[in-house]
Amino acid sequence: MRYDDELLPCPFCGCRVRKLRTRLSKAWVAQCDSCDAGPSFEGSRDEVVAIWNRRATDGRDARIAELEAELAALKATAPIPPNSTELAPATPWYPDDSGEWAEVPEDLMEMPAGLSPEALVAVLTENERETRVYIRADKEAGHWNWRVSPNLGVRIVAYKVVKP
């Protein structure tokens with residue numbers, strides 16, 4: 001018995017000629033006349049039509065949007081693990097949340113203005129920020145080479161005063 005108006009095209013070959021029939025067991029099955037595809041399911045006519053017409057893409061776009069929103073929320077709150085290929089967060093990474101870190105401008109070629117050479121400072125290098133691996137070394141501000149080549153990956157990108 002044909003129910004062409006109820007059944008979607010075959011999900012495998014796209015054929016529009018499908019049939020919905022009962023077996024000897026009186027259970028219904030759907031089958032493609034072209035490639036003989038059919039679900040390995042028998043049931044009521046309505047159940048078989050629903051299964052045949054179900055597609056992997058049903059609700060896909062809504063689910064994708066839901067998952068993308070969830071991922072964006074996670075990225076906004078979760079730290080990026082070391083050696084991650086993800087993009088860096090919009091705010092710079094610091095080894096602690098003290099709020100005492102000061103960024104060093106890329107073009108700075110001397111100790112930051114207002115910083116005493118005797119002040120004890122902790123510095124964060126470009127490499128440490130990229131790898132999220134911080135090796136703390138508190139030294140006097142005058143000790144640090146504020147002019148190191150950025151090509152070496154040891155350019156100081158931030159500092160905090162530990163003891164003025």
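Tutor: A disulfide is counted here when two cysteine sulfur atoms lie within 2.5 Å. This is a predicted model, in which local features need pLDDT of at least 70 and side-chain atom pairs count only at pLDDT 80 or more, while totals for chains, interfaces and linings use all residues. Residues are numbered from 1 along each chain as its sequence is written, and side-chain values use heavy atoms, with hydrogens and water left out.

Student: How many disulfides does the search of the whole structure find?

Tutor: The search finds zero. C32, for example, is in no disulfide, and the nearest cysteine sulfur, that of C13, is 3.6 Å away.

Student: Which residues make up the largest nonpolar core?

Tutor: A nonpolar core is a set of buried Ala, Val, Leu, Ile, Met, Phe, Trp, Tyr and Cys residues joined through side-chain atoms within 4.5 Å. The largest has 11 residues, including L7, C15, W28, C32 and W52. Another core, of 10 residues, lies apart from it and has A119 and W146 among its members.

Student: New topic: how many salt bridges are there?

Tutor: There are five, each a side-chain nitrogen of Lys or Arg within 4 Å of a carboxyl oxygen of Asp or Glu. One of them joins K160 and D96, with the closest N and O atoms 2.7 Å apart.

Student: Where in the chain are K160 and D96?

Tutor: K160 is in strand β6 (residues 156–163), and D96 is in the loop between α2 (60–77) and β3 (102–103), 64 residues apart. Helices (H or I, at least four residues) and strands (E, at least two) are DSSP runs, numbered from the N terminus. K160 is buried at 8% relative accessibility, while D96 is partly exposed at 24%.

Student: What about E128, and which side chain of opposite charge is nearest?

Tutor: E128 lies in helix α3 (residues 126–131). E128 is buried yet has no salt bridge, and the nearest side chain of opposite charge, R129, is 8.9 Å away. Lys and Arg count as positive and Asp and Glu as negative, with His and the chain ends not counted.

Note on methods
Buried < 20%, exposed > 50% of the residue type's maximum accessible area, 1.4 Å probe, protein only.
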